[in-house]
Amino acid sequence: MSLWKRTGVLAVSALTALAVTACGTESGSSETARQQSVLELLATDLKASLQKTVESADKAESVTLTMQGTMAGEKLSMQGTVDLRDPVKAELKASDTDGSSTTIRMIGTAIYVEIPEEDRADTGGKRWMKIDVSAAGGQQGQDYSRQLDEVDPVRQVKTLLGMEGTTVVGEETVNGVKTVRYTNTSPVATYLGQLDAEQRADAEKALAKENVTEVKLDLWVDEQYQPRRAHMVMGAAGDLTVDYTDYNKPVTVEAPPAAETTDLNEMLAGLTDQ
């Protein structure tokens, strides 16, 4: 895969990881009786429980995520930490099928993709490629900007709240934590109805291109009203599972040194001027 295609794929993947993030708050351990009581409420009072999850998620400051699956035919494997405070910051590591990995940092509207050492001759030896999604030209830049604007830590929960037909699967353990699993399978039109007009138009085109007819969403919530796992299937367009751990742990994400960074937008502008 070329340096430019790889950079684009990793940037989109980083945004995708954030776009599907559904978070909550971390609190201390609970007594067994209280845990069972909350799990029972999660299973029996669906809408009220999901609303509490939304409220809890609004207070989250950070989360660790692990994402596995496919997006637009590309296999994705990512893990890292997300600082959910304004501006959103993240450091994610993308693993390739050959065993190598690439680090991506996201700070506000800037995405920094670590350049493989063997490709750095193309960038004057610099280690990082910067993509400013707010300044990226053309449709690609607009798409990046919209995805970044739509980063919502409770998007999956709000989607379930807004869609009819959400049901409780039952209690399940995720990574050693007791949870209640919710599921919803809806026609694409129902899913698109949860999006704003501008985002809906783009999503409709992407899903239609892959002949997607329905969207399946599963969400696992623990007794602290914290999502622990989200799984979304959109036919050939995507099949992603994200696990969430370590809520509200200290997170520090900084932009790479300017001397080690090359700007993709500037490079592309230079090529256009030639």
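Predicted model: local features only at pLDDT ≥ 70, side-chain atom pairs only at ≥ 80, totals over all residues.
Let's start with Asp 246. Asp 246 sits in the loop between strand E11 (238-245) and strand E12 (261-263). Its backbone is worth a look. Asp 246 has a positive phi of about 50 degrees, although it is not a glycine.

Asp 246 also has a charged partner. Lys 249 forms a salt bridge with Asp 246, and the closest N and O atoms are 3.5 Å apart. Lys 249 is partly exposed too, with a relative accessible area of 45%.

Now, a word on charge pairs. Side chains of opposite charge can pair when their charged atoms come close. How many salt bridges does the structure hold? There are nine.

Next, look at Asp 218. Arg 181 forms a salt bridge with Asp 218, with 3.0 Å between the closest N and O atoms. This pair links distant parts of the chain. Arg 181 is in strand E8 (residues 177-187), Asp 218 is in strand E9 (residues 214-222), and the two are 37 residues apart. Asp 218 has another partner, Lys 216. For that salt bridge the closest N and O atoms are 2.4 Å apart.

Lys 216 is at 30% relative accessibility, so it counts as partly exposed.

Which residues are linked in a network of salt bridges? They are Glu 172, Arg 181, Lys 216 and Asp 218. Find those four on the screen.

Now to Asp 243. This residue is found in strand E11. Its relative accessibility is 14%, so Asp 243 counts as buried. Its side chain makes polar contacts. One, at 3.3 Å, is with the side chain of Asn 175. Another, at 2.6 Å, joins the side chains of Asp 243 and Arg 229.

Follow both partners. Asn 175 first. This residue lies in the loop between strand E7 (167-174) and E8. Asn 175 has a positive phi of about 55 degrees, and it is not a glycine. Asn 175 counts as exposed, because its relative accessible area is 52%. So here a buried Asp 243 contacts an exposed Asn 175.

Then Arg 229. Which ring does the charged end of Arg 229 sit over? The ring of Trp 220, with the charged end 5.7 Å from the ring centre. What about aromatic rings pairing with each other? The count of aromatic pairs comes to zero.

On to a helix, H3 (residues 46-57). Does its length agree with what we expect, or disagree? At 1.5 Å a residue, its 12 residues should span 16 Å, and its end C-alpha atoms are 16 Å apart, so the two agree.

Which residues of H3 are buried? They are Leu 46, Ser 49, Leu 50, Thr 53, Val 54, Ser 56 and Ala 57. An α-helix has 3.6 residues a turn, so residues three or four places apart point the same way.

Stay in H3 for one more residue. Ala 48 lies in this helix. At 33% relative accessibility, Ala 48 counts as partly exposed. Compare Ala 48 with Leu 161. They are 113 residues apart in sequence, and their C-alpha atoms are 9.4 Å apart in space.

Two loops to finish. The loop between strand E2 (74-83) and strand E3 (89-95) holds Pro 87. Is the peptide bond from Asp 86 to Pro 87 cis or trans? That bond is cis, with omega near -5 degrees.

The other loop runs between strand E5 (110-114) and strand E6 (128-132), and Thr 123 is in it. Buried or exposed, this Thr 123? Thr 123 counts as buried, because its relative accessibility is 7%. What does its side chain reach? The backbone oxygen of Lys 126, at 3.2 Å.

How values were computed:
Residues numbered from 1 in each chain as written. Heavy atoms only, no water. Salt bridge = Lys/Arg side-chain N within 4 Å of Asp/Glu carboxyl O. Helix = DSSP H or I, 4+ residues; strand = E, 2+ residues; numbered from the N terminus. Buried < 20%, exposed > 50% of the residue type's maximum accessible area, 1.4 Å probe, protein only. Phe/Tyr/Trp six-rings, centres within 6.5 Å; stacked < 30°, edge-to-face > 60°. Lys NZ or Arg CZ within 6 Å of the ring centre and 35° of its normal. Polar contact = N/O pair within 3.5 Å; in protein donor to acceptor, adjacent residues only side chain to side chain. Expected span 1.5 Å × (residues − 1).
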